[in-house]
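Student: I would like to go through the side-chain packing and pairing in this structure.

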Amino acid sequence: CGAFVCGLRARDGWTRRCRPFADGFCVELQGRSHLSSGLVLRWFQGHLQRCLGAVRYRLQEHCRVSLSACPGHPPTLHILPCSDYVCCHISMAVRLIPAIPLGDALYLTALPPEGPQGPLAADALWGLNASRQEQRLLGWLKEQAPASSCHLKCLQILKGLRDLRRQGLEEPFCSQWGRVLSSYILKTALFSLLLQGPLEAWDERFLVERLEDLVLYLRNCLRKQVLMDFFLGNTSIPEAVALPRFLKEAAPVNLLSSFDGPTLDLVAFQLISTWIQAPHIIRMYSSPRYLRPVPTP
């Protein structure tokens with residue numbers, strides 16, 4: 001499901017010598033010790049809370065700093081500059097996620113508690129972060145596509161429609177909607193569609209047509225229950241986008257395999273409904289009374 005386990009290479013008997021580390025950060029799977037994403041994340045969040053006081057003290061003359069944590073999401077650091085100028089009162093939110101470097105600008109990142117479920121203990125699973133490779137791909141697309149290409153605008157608009165539509169959904173479908181249409185899945189659909197046709201067709205004057213193509217492409221993927229990870233084992237990526245050997249030789253991964261058919265069908269139906277009713281949804285759920293409050297620090 002696009003998640004990995006992090007095995008630990010060590011000499012025999014290391015668990016006896018390093019018992020505190022093993023007890024605090026490891027889980028046993030098939031007789032081997034693996035680094036636990038969940039245990040590392042809980043340790044990381046505890047240290048963030050303890051360090052926040054020192055950070056506030058050193059930065060109190062320049063900005064206000066607070067930390068918020070919501071179930072299923074990584075902790076977020078909120079920074080608000082202190083200034084007499086209104087234009088400088090722009091806050092910054094930084095997600096803080098523990099990661100393990102793999103080399104070649106690849107990282108294993110701790111998954112939230114509601115991450116993908118698989119045959120292995122969910123606590124042991126790590127996500128793969130290939131943001132550097134995404135930047136390389138976007139750089140190549142910028143060179144090949146028209147100067148006024150609308151592909152990034154399409155992604156931004158689709159994310160906005162997803163978030164607005166979520167305001168009117170009830171649980172548990174509201175959470176399912178957000179997980180199925182995660183930012184990574186939306187980006188994967190966009191990248192896959194971009195490589196299928198001429199990049200000249202993504203000129204900004206065709207914004208509505210390309211946005212509709214993206215919605216329909218994603219709807220078809222949901223109905224077929226198949227959307228392959230763009231970087232893992234994808235042989236159609238242009239050679240100009242240099243990829244680490246690990247990504248090239250990896251087995252292809254279906255990002256939708258962890259969701260059941262009825263859920264994907266319901267999301268597909270709701271996605272088309274959202275696209276058809278987009279003007280109404282924008283007017284209705286952009287109203288301040290429908291916006292959900294920011295988590296209290």
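Predicted model: local features only at pLDDT ≥ 70, side-chain atom pairs only at ≥ 80, totals over all residues.

Student: Where does the largest nonpolar core lie, and which residues touch the most other members?

Tutor: The largest nonpolar core has 62 residues. Domain 1 (5–127) and domain 2 (145–286) both contribute residues, so the core lies between them. The members that touch the most others are Leu181 and Leu222.

Student: Which residues does Leu181 touch, leaving aside those up to four places away in sequence?

Tutor: With those sequence neighbours left out, the contacts of Leu181 include Leu222.

Student: How many residues are in the second, separate core?

Tutor: Leu48, Cys63, Leu67 and Leu77 are among the members of the second core. Its number of residues is 8.

Student: Is the ring pair of Phe21 and Phe25 stacked, edge-to-face or tilted?

Tutor: Phe21 and Phe25 are 4 residues apart in helix 2 (residues 19–25), about one helical turn. Their ring centres are 5.2 Å apart and their planes meet at 40°. Stacked needs planes under 30 degrees apart and edge-to-face needs over 60, so the pair is tilted.

Student: How many residues apart are Phe191 and Phe230?

Tutor: Phe191 and Phe230 form a tilted aromatic pair, with 5.5 Å from centre to centre and 55° between the planes. Phe191 is in helix 7 (residues 183–194), while Phe230 is in the loop between helix 8 (207–224) and helix 9 (245–249). The pair links distant parts of the chain, and the separation is 39 residues.

Student: Which residue forms a salt bridge with Lys187, and are the two buried or exposed?

Tutor: The closest N and O atoms of this salt bridge are 2.8 Å apart. It links helix 7, which holds Lys187, to helix 4 (residues 131–144), 53 residues apart in the chain.

Technical notes:
Residues numbered from 1 in each chain as written. Heavy atoms only, no water. Core = buried A, V, L, I, M, F, W, Y, C linked by side-chain atoms within 4.5 Å. Buried < 20%, exposed > 50% of the residue type's maximum accessible area, 1.4 Å probe, protein only. Domains from an automatic or database assignment. Contact = heavy atoms within 4.5 Å. Phe/Tyr/Trp six-rings, centres within 6.5 Å; stacked < 30°, edge-to-face > 60°. Helix = DSSP H or I, 4+ residues; strand = E, 2+ residues; numbered from the N terminus. Salt bridge = Lys/Arg side-chain N within 4 Å of Asp/Glu carboxyl O.
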